[in-house]
Amino acid sequence: MVERANRKAERGATQGGSEIMRRDSAHPPPSRRATAAPKKTIALVYDFDGTLSPKPMQEYAFLPKLGIEPKEFWAECARISKAERADVLITYMHLLYKKAKEKGVRVDRADLVAQGKKVELYPGVAQWFDAMHAYVKKRAGDSGIVVKHYLISSGLTEIIEGTKIYPHFANVFASEYWFDAYDLPFPKRVISDTGKTQFLFRINKGLEDLSESINAHMPEALRPIPFSNFIYFGDGDTDVPSMALLKKNGGHAIAVHGPDESEAKCVELFKAGRCDFYAAADYRKASDLWKRTCLLLDRIIADVRVREEARGL
Ligand SMILES: [Mg+2]
């Protein structure tokens, strides 16, 4: 939390400087690493819309502010992207501001951050992050095993920054606008479904600064967080590339569905081998999601200890 707060202050000083431009000091680049990484960090990686929050984040404040029905907005996005053969995510980012301009509503970075306060979260989400730290501490003792939370979302960085859970993330990778480059804000970064996997590799290799190339080969021994230490949380088809990457590399995934919604999509993901478990998006203690996550954490902690033991022989 302290590390996060410091980085938040740093961002304020650089005005608009991106969170993801900052290196996690626990993971120096390979050139500065003398020996193999200890691999004692567990990464819990979350999708946002539908996973931590019931609805797409733009539906809580942005679209109501413009007086637009969400269903109509998303249908228009789909229609335009099909007709123009345009990327659907770039289309939504463009259309949001085009609509705002048409309505004479000015929405800047500060407005978007303020909108984050209106975003609803599933039950227990606000307490979940600290609870997972406490669980790992309780189970792993003073072994040095720690948990870090990451968010990878096609939604908007600025809205996420305004939510109360933002300080819990070691890093947030989300779509973002340039606010001063053009008349209408211009997409600075767009995180697509397959693009999400780039950030899984960045976490895996400790290359969280986007200015660092991700493509150079890095031996497994030097990667600070092996994929087997990952648990990914997602709610649907947009998470399939991330789930597939992790599952194929010894990682873990849990699919969630709204507590009052159909579990059909989760069952489909489970049957296709995309996830280890699925559960209702209820993050409160002793829920199915809680118990299944803890089961995977126990397994990861045991794997880390087995590796440590073997290393000492
Ligand atoms: Mg989602």
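Two residues are in contact, or touch, if their C-beta atoms, placed from the backbone, lie within 7 Å. The model is predicted: local features need pLDDT of at least 70, side-chain atom pairs count only at pLDDT 80 or more, and totals for chains, interfaces and linings use all residues. Residues are numbered from 1 along each chain as its sequence is written.

View 1. Leaving aside residues up to four places away in sequence, L151 touches Y46, F48, I160, F169, V172, F173 and A174. A residue is buried if 20 or more other C-beta atoms lie within 10 Å of its own, exposed if 12 or fewer, and partly exposed in between. Of the 313 residues of the protein chain, 38% count as buried.

View 2. Helices (H or I, at least four residues) and strands (E, at least two) are DSSP runs, numbered from the N terminus; the protein chain has 11 helices and 7 strands. The 7 strands form an open sheet with mixed pairing, in the order β4-β3-β2-β1-β5-β6-β7. β4 (186-189) and β7 (277-280) are the edge strands, each with a single partner, so one side of each has no neighbour in the sheet. Two strands pair if DSSP finds at least two bridges between them. Strand β3 (residues 171-178) and β4 run antiparallel and are joined by 3 bridges, with Y177 opposite P187 in β4.

**View 3. Strand β1 between its two partners.** In β1, 6 of the 6 residues are buried, so this strand is largely enclosed by the rest of the structure. T41, A43 and V45 point one way from β1, while I42, L44 and Y46 point the other way. The pairing of β1 with β2 is parallel and spans 6 bridges; here Y46 stands opposite L151 in β2. The pairing of β1 with β5 is also parallel, over 4 bridges, and L44 stands opposite I231 in β5.

**View 4. Helix α6 and its cover.** The 16 residues of α6 reach 23 Å from first C-alpha to last, close to the 22 Å expected at 1.5 Å a residue (the expected span is 1.5 Å times one less than the number of residues). At A131, α6 bends by about 25 degrees, the bend being the angle between axes fitted to the seven residues ending there and the seven starting there. V125, W128, F129, M132, V136 and A140 are the buried residues of α6. Their cover includes β1 (41-46), β2 (146-156) and α11 (288-311).

View 5. Helix α4 (residues 88-102) lies across β2, β3 and β4, at about 55 degrees to β3; axes are lines fitted to C-alpha atoms, for helices over the stretch in contact, and angles run from 0 to 180 degrees between N-to-C directions. The buried residues of α4 are L89, T91, Y92, M93, L96 and Y97. These residues pack against α2 (62-66), α3 (70-84), β2, β3 and β4. Just after α4, G104 has a positive phi of about 70 degrees.
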